[in-house]
Amino acid sequence: MNILCVFTRKSLLANRTRTVVTIIGIILSMALITAVIEGAYSGHQFLIRSVEEEEGAWMVSETGLTPEEAETLRHTDGVGKSAVWNEAGWAMIAPERAERGDKPYMLVESMGEGIEDLLAIRLTAGRMPENPGEILLPSNLSLTSGVDYREGDTLTAALGRRVTDAGETVSIFEPFAGPSGEFEETVADPEERTYTVVGIYEHFSWEVDPYENPGFIALTRGEEGNGNTTVFCTLKHPGRTVKWLDAHPPVGVRRVHSDLKKFNGSFGNSSMTTALYGFTAVLVFLVAFGSVSLIYNSFSISVSERTRQFGILKSVGATKKQIRGSVLYEAFLLSAVGIPVGLVVGCAGIGITLTCLRGAFDSMIRPGSETRMKLVLHPAALLIAALVCLVTTLISAAVPARRAIRVSPIDSIRQTEDVKLRAKEVKTGRLTRKLFGFEGMMASKNFKRNRKRYRSTVVSLFLSVMLFISASSFCSYLTGAVTGVAGEDDGMDIRYYTAGDERDDPEKTLAMLSAAGNTEDGTYMDNTYVEYRIPPEATHPEAKELLASDPGQEEDFYTWGGSLTFLRDESFRDLCRKNGLDPADYFDPDHPKALVSNRSRIMREGRNGGVRYGYALTLDPEKIPCTLTSVAPMEMEGYVFTEESVSENGERMLNYMARGERGEAVGEEILTFPASEAEVVTEYDVGGVIGIPTYGTAADQFTLFYPFSMEKAVLGPDADLYQTNFVFRAPNHAEAFEDMEDALTEAGMTTARLWDEAARSESNRMLVRVVNVFSYGFIILISLIALANVFNTISTNIMLRRREFAMLRSIGLGNRGFRRMMNYECLIYGMKGLMWGLPAAFLMTWVIWRVAGSAFETGFYVPWPSVIIAVGSVFAVVFATMLYASAKLREDNTVDALKNENL
Amino acid sequence: MEILRIENLTKVYGSGENQVRALDGVSFTVEKGEFLAIIGPSGSGKSTLLHILGGVDRPTGGKVWLDGQDVYAQDEEQLAVFRRRQVGLIYQFYNLIPVLNVEENMTLPVLMDGRPVNEERLNELLGILGLNERRKHLPNQLSGGQQQRVSIGRALMNAPSVVLADEPTGNLDSRNSQEIVELLRSSNVRYKQTLIVITHDENIALQADRIIAIEDGRITRDERIREARA
């Protein structure tokens with residue numbers, strides 16, 4: 001074997017600590033890169049699989065083809081799997097729905113070979129049809145049409161083509177024309193068929209069964225059909241969907257499976273996508289930067305350590321190429337160990353993480369879905385990760401090796417490069433000397449003399465600080481963005497409402513449900529939506545700014561929609577107390593006063609034309625108390641308000657028509673009154689602001705709160721809000737829900753008005769949890785990288801100064817003095833690292849804030865707890881490493897170290 | 001036969017006020033098989049001279065011919081090969097590679113040249129140097145004298161045109177020093193090895209065939225003590 005390879009291997013073995021730390025660095029980098037790539041890929045695959053399970057694997061479909069056209073499409077270039085269904089015909093099965101303009105038809109489609117692979121047909125009962133006499137009905141048929149068929153029933157229908165009175169075929173994208181439609185439609189050439197119902201399937205999502213479709217899709221098999229064929233197919237290159245679509249214009253009516261298209265990489269231009277890409281870019285940048293610097297640093301320090309040895313090698317005739325070869329061989333050896341281990345660690349790490357988070361992922365998709373989150377390995381991605389890591393290692397090794405090659409052999413042996421200095425350069429301030437004594441002065445001189453050597457330590461500290469704080473900001477803003485887009489959780493787990501006579505005694509209902517659900521934290525309220533009129537002087541600038549572009553605003557007041565809530569008296573008192581207000585002020589029936597939750601969740605136009613979510617204040621808190629108003633058309637017995645109009649002389653008029661049975665307007669007669677006479681004005685005196693968004697809607701909406709008992713005082717004696725809402729907090733919502741359900745049944749009340757809100761918001765919460773877990777994992781890994789980095793540079797640096805320390809000791813520097821010198825050096829390291837690291841970290845935070853801001857309005861903030869942790873850790877790590885290294889040094893015999901040339 | 005020719009060699013360190021002329025127009029020639037001692041006080045430029053002769057440093061001006069070859073007309077690559085094949089360098093502080101054993105250190109120039117090791121010569125040298133028992137030891141397991149003998153072995157391994165020794169005994173006690181000088185002397189006689197030794201030890205200088213004294217970068221004396229024995 002080549003002597004330089006022997007030399008390299010032996011050097012690696014001789015410097016075990018450094019070698020191990022470097023390998024750990026490579027392992028961490030590799031693991032992080034692998035975890036990021038494989039995690040993202042697995043998540044992506046999970047989304048695709050869940051969509052495929054939910055909605056089928058088809059990517060493109062075309063409807064309204066002839067069987068010949070269908071065959072052509074199926075054999076087009078780029079089409080992967082494909083299947084067809086043939087229209088057997090339409091049958092009018094629910095004429096009474098037709099009158100309401102609702103779905104009246106049954107549409108029978110005959111499934112072709114292999115359609116189960118492309119469409120998600122989930123049986124809820126029975127089995128798939130096997131011959132033309134059997135039929136599978138959709139689950140929504142019996143639910144909504146009142147046409148109830150069970151498995152084994154016989155169904156007879158007259159199937160024909162759906163045509164206009166002019167004889168033109170009508171597609172499933174045309175809603176039922178109805179009696180008053182633009183055209184009359186009929187079922188042409190009806191033919192009586194008899195089917196056996198063999199099962200029920202969960203009806204298709206809108207991607208397959210469009211909302212407009214006036215027919216319930218029933219499935220049979222083996223029927224030839226009337227020639228109207230639909231093709232469902234996948235594409236061989238999902239990433240090139242858009243290109244394929246452009247290259248192959250549709251013959252019939254084409255649909256694209258939008259979820260799959262999105263997940264396959266053909267994104268639309270939304271602000272969330274921009275943010276997602278931005279975040280990913282920042283993440284990749286941070287990981288790459290951390291890894292490269294770690295690997296680079298450990299090589300840079302090892303080369304300066306070995307400069308002398310390279311000098312000796314060169315003086316006995318080693319060529320540049322041989323030296324470079326030796327360094328690259330070292331990199332290769334280290335990679336050969338680090339990369340495979342890193343790969344395994346990364347895969348195992350992300351695999352375990354994903355498995356642990358399975359529950360969270362499950363709740364993000366349809367309950368009962370069989371799709372499970374799992375690690376899906378992408379060999380090409382792994383290969384890319386390994387290559388990235390190898391190239392990084394090789395470059396990191398080659399760049400510092402150039403230095404060793406550049407200088408002449410004798411300079412390398414003497415290491416004269418590092419000690420060209422003038423007395424002025426190492427001048428030390430008097431203060432240093434006073435504070436830290438002779439040892440401090442030595443440390444300071446050391447630092448100034450050997451800036452180059454110290455630079456690697458300062459740089460690694462700087463990078464660590466920057467990486468840690470940026471990673472924290474990243475996670476913090478990401479969580480913020482996810483919460484912001486999903487909306488804030490109002491903390492209400494279970495919701496119920498009463499109507500009519502049941503409303504008489506809300507306290508009793510509350511007590512019953514609280515007891516049943518074993519929850520104490522429940523309340524009730526009446527609420528309604530009100531268009532408040534706010535005097536301009538009381539309007540907050542944020543609201544003014546938003547309303548400036550609204551053309552509908554009047555001059556003498558702003559209109560702002562919000563909630564009007566009459567909260568259970570006891571809860572209202574709690575609310576007052578929590579906000580430091582006196583409840584007594586709010587219970588005067590002659591002068592009822594309201595509390596305001598002043599924040600509204602709003603959507604603004606984002607930078608890229610998308611939507612940004614944010615919050616705005618409505619009332620100027622300085623101007624409270626103030627009075628808001630609202631107007632409503634007066635109630636008129638036997639009539640219903642229909643619309644506003646403007647009379648000939650410009651006056652605003654209110655129109656009323658006769659009231660039908662269900663509250664609809666009937667007849668031809670229109671009554672008109674001037675607005676000034678027919679409008680009822682309600683006044684709301686706002687007495688105080690509450691800070692904490694609470695009780696449902698107030699989290700996201702401008703809300704006025706009154707005590708429940710003040711309802712009549714505010715709205716008048718005849719006011720009726722029709723329903724009373726109950727909300728409960730229940731840690732174990734599923735159990736509480738079941739118990740409440742039982743209690744309601746027992747009391748003879750309906751359970752249809754009971755909702756498990758928590759289950760609904762669970763998926764949002766889970767999304768936040770997933771983001772958090774990944775964030776913390778990411779921070780931990782980045783911190784480990786940073787730690788390895790700092791440890792490596794400092795300890796190597798100290799080992800290199802063995803002789804120097806031995807010399808100082810030989811002239812009488814004691815252990816205490818040595819420690820003081822080291823302490824001062826640590827201080828300089830820490831300060832310098834922070835001096836550069838903190839500004840860089842703030843800059844990165846700013847970049848991240850800009851990225852987050854494209855989807856979610858948020859103020860700029862610095863994650864101070866992380867900054868404090870970073871500052872603390874910098875000194876902790878520096879001092880700990882110094883302690884470790886100097887403890888090792890103390891074992892040295894002074895004379896041996898002085899004599900020892902082999903360092 | 002002339003093996004080494006030096007013409008008007010100068011070496012300047014630093015610039016401006018800090019300029020130091022370590023060598024200032026040095027010229028001389030060395031015959032094949034000659035044992036030359038270069039003496040002079042500290043800072044006289046003798047080590048600089050030796051390093052330039054050995055191709056590990058570059059002169060500011062002047063020329064060096066070794067075996068008829070203009071040494072510094074070569075590029076870095078050729079210079080490395082030149083060091084490997086034509087020069088043997090011995091330093092005061094041995095400069096062995098700590099992670100390689102005695103045998104590997106000694107055969108380093110041959111191995112780097114990609115040639116097979118001449119086992120016969122290696123064994124002969126190990127025998128002469130008294131390192132037969134120590135051939136698998138690492139440098140830090142050896143005494144100073146032994147380490148210096150390894151570096152002599154490394155210098156002689158390739159049978160170079162010239163062996164250059166920079167204060168080879170500077171770090172050793174008198175007994176070890178005498179042994180080292182005898183080893184060098186015998187290699188000079190036995191292999192007709194041209195030998196240039198820097199020293200300020202008069203005893204060593206007096207064993208040479210010729211003494212050159214340097215002061216402030218100039219030759220102040222060039223004296224032949226005896227005819228070359230090699």
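How many residue pairs are in polar contact across the interface of chain A and chain B? Six, with both residues of each pair at pLDDT 80 or more. A polar contact here is a pair of N or O atoms within 3.5 Å; within protein, one must be able to donate a hydrogen and the other to accept it, and residues adjacent in sequence count only if both atoms are side-chain atoms.

Some ground rules. This is a predicted model, where local features need pLDDT of at least 70 and side-chain atom pairs count only at pLDDT 80 or more, while totals for chains, interfaces and linings use all residues. Residues are numbered from 1 along each chain as its sequence is written, chains are lettered from A and ligands numbered from 1 in the order in which they are written, and side-chain values use heavy atoms, with hydrogens and water left out.

Now the interface itself. On the chain A side, 28 residues are in contact with 29 residues of chain B. Contact means heavy atoms within 4.5 Å. The size of an interface is often given as the accessible area lost when the parts come together. For chain A and chain B, the buried area is about 2,500 Å², and 63% of it lies on carbon and sulfur atoms. That is the accessible area (1.4 Å probe) that the two parts lose on being put together, summed over both.

What about charge pairs across the interface? The rule finds one salt bridge there. A salt bridge is a side-chain nitrogen of Lys or Arg within 4 Å of a carboxyl oxygen of Asp or Glu. The partners are K10(A) and E104(B), with the closest N and O atoms 2.7 Å apart.

Which helices of chain A each supply at least two residues of the side that touches chain B? They are helix 1 (3–14), helix 8 (271–315), helix 9 (320–356) and helix 12 (409–414). Helix 1 of chain A gives the largest share, seven residues. By class, this side of chain A has twelve nonpolar, eight polar and eight charged residues. Ala, Val, Leu, Ile, Met, Phe, Trp, Tyr, Cys and Pro count as nonpolar, Asp, Glu, Lys and Arg as charged, and the others, Gly among them, as polar.

On to the chains. Chain A has 25 helices and 24 strands. Helices (H or I, at least four residues) and strands (E, at least two) are DSSP runs, numbered from the N terminus. Of its 903 residues, 50% count as buried. Buried means under 20% relative accessible area, exposed over 50%, partly exposed in between (1.4 Å probe, protein chains only). The accessible surface of chain A is about 42,100 Å², with 56% belonging to carbon and sulfur atoms. These areas come from the Shrake-Rupley method with a 1.4 Å probe; for residues, only the protein chains shown count as cover. Among contacts in chain A with a separation of 6 or more, 79% are between residues 24 or more positions apart.

Chain B next. It has seven helices and ten strands. Of its 230 residues, 57% count as buried. Its accessible surface is about 9,600 Å², 44% of it on carbon and sulfur atoms. Residues 24 or more positions apart make up 68% of the chain B contacts with a separation of 6 or more.

Back to salt bridges. Over all chains, the search finds 38. Take E116(A) and R221(A), whose closest N and O atoms are 2.6 Å apart. This pair links distant parts of the chain, 105 residues apart: E116(A) sits in the loop between strand 3 (105–111) and strand 4 (123–126), R221(A) in strand 8 (215–221). E116(A) is partly exposed at 34% relative accessibility, whereas R221(A) is buried at 17%.

Another pair in chain A is E223(A) with R193(A), at 2.1 Å, N to O. E223(A) lies in the loop between strand 8 and strand 9 (229–235), and R193(A) in strand 7 (185–201), 30 residues apart. E223(A) is buried at 13%; R193(A) is partly exposed at 21%.

In chain B, R135(B) and E103(B) meet at 2.7 Å, N to O. R135(B) is in the loop between helix 4 (119–129) and helix 5 (144–157), E103(B) in helix 3 (102–112). E103(B) counts as buried, at 16%. Salt bridges with shared partners also join E34(B), R210(B), D222(B) and R224(B) into one network.

Last stop: T10(B), in strand 1 (residues 2–13) of chain B. Buried or exposed, T10(B)? Buried, at 14% relative accessibility. Beyond its neighbours within four places in sequence, T10(B) has contacts including R21(B), L23(B), P59(B) and T60(B).
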